[in-house]
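Hi,

Here is the structure I promised to pass on. Have a look at it first, and my notes follow below.

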Amino acid sequence: MVRIPPQDFEDDGDVNGAEKFRPLTAEEAQKLRLQQPLLSIWRVVLAQFVVGLAVAALTWLFTGRVSAAWSAAYGALAVVIPAALFARGLTSKATTLNSGTAVFGFLLWEMVKIGLTIAMLYAATWLVKDLSWPAMLVGLVVTMKVYWVVFAWRKVFHPET
């Protein structure tokens, strides 16, 4: 065990830095809200849908196979449909009553989303004629990654008013 002498610590009066804390004024809080806008979950789902359509169209363009395009579209739908159900569940009145129901609702709807995605992937072999697994997985992965792109570009998807 190594002991660090007390003089090596910065002495600012409080370990947590409470002396440096200052609450924001109403104007500062409003300015911060404009700089860091909240992003609607429905905009994320819409962006996923649009990207899924684009992936399916590009798959058809590059492969020339309609079955590959349907596979990519199904992979995208395996993300979009559960995400839309998740968004609907999270925005319902029951999950916004208090913080406890919000946390429970988030966990519940996340499990529903994961379960539905797995079920859709399992059913793909019966629902998509001439299923192309690589195309479906490309549609699935690219559509899933939209979360990160939308978060990084949230000012584009949620412009300041």
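Two aromatic pairs turn up in the structure, where a pair means rings of Phe, Tyr or Trp (its six-membered ring) with centres within 6.5 Å, called stacked if the planes are under 30 degrees apart, edge-to-face if over 60 and tilted for the rest. One of them joins Phe86 and Phe106: the ring centres are 5.6 Å apart and the planes stand at 75 degrees, so this pair is edge-to-face. It links distant parts of the chain, as Phe86 is in helix H3 and Phe106 in helix H4, 20 residues apart. Helices here are DSSP runs of H or I with at least four residues, numbered from the N terminus.

Phe86 is buried, at 6% relative accessibility, whereas Phe106 is partly exposed at 39%. For those words, buried is under 20% relative accessible area, exposed is over 50% and partly exposed is in between, using a 1.4 Å probe and protein chains only. Phe86 also has the charged end of Lys113 over its ring, 4.7 Å from the centre; the criterion is NZ of Lys or CZ of Arg within 6 Å of the ring centre and within 35 degrees of the ring normal.

A word on provenance: this is a predicted model, in which local features need pLDDT of at least 70 and side-chain atom pairs count only at pLDDT 80 or more, while totals for chains, interfaces and linings use all residues. Residues are numbered from 1 along each chain as its sequence is written, and side-chain values use heavy atoms, leaving out hydrogens and water.

Next, helix H2 (residues 41-63). Buried residues in H2 include Val44, Val45, Gly52 and Val55. Phe49, also in H2, is partly exposed at 40% relative accessibility. Just after the helix, Gly64 has a positive phi of about 75 degrees.

Phe49 belongs to a nonpolar surface patch with Leu46, Val50, Leu53, Leu77 and Ile81, together about 530 Å² of accessible area. H2 and helix H3 (66-90) each give two or more residues to it, and H2 gives the most, with four.

Finally, Asp130 has a positive phi of about 55 degrees although it is not a glycine. Asp130 lies in the loop between H4 (99-127) and helix H5 (133-144) and is exposed, at 54% relative accessibility.

Best wishes

Definitions and conventions: Patches are made of residues with over 30% relative accessible area and no salt bridge: like charges are joined within 9 Å, nonpolar side chains (Val, Leu, Ile, Met, Phe, Trp, Tyr) within 5 Å. Accessible areas come from the Shrake-Rupley method with a 1.4 Å probe; for residues, only the protein chains shown count as cover. A salt bridge is a side-chain nitrogen of Lys or Arg within 4 Å of a carboxyl oxygen of Asp or Glu.
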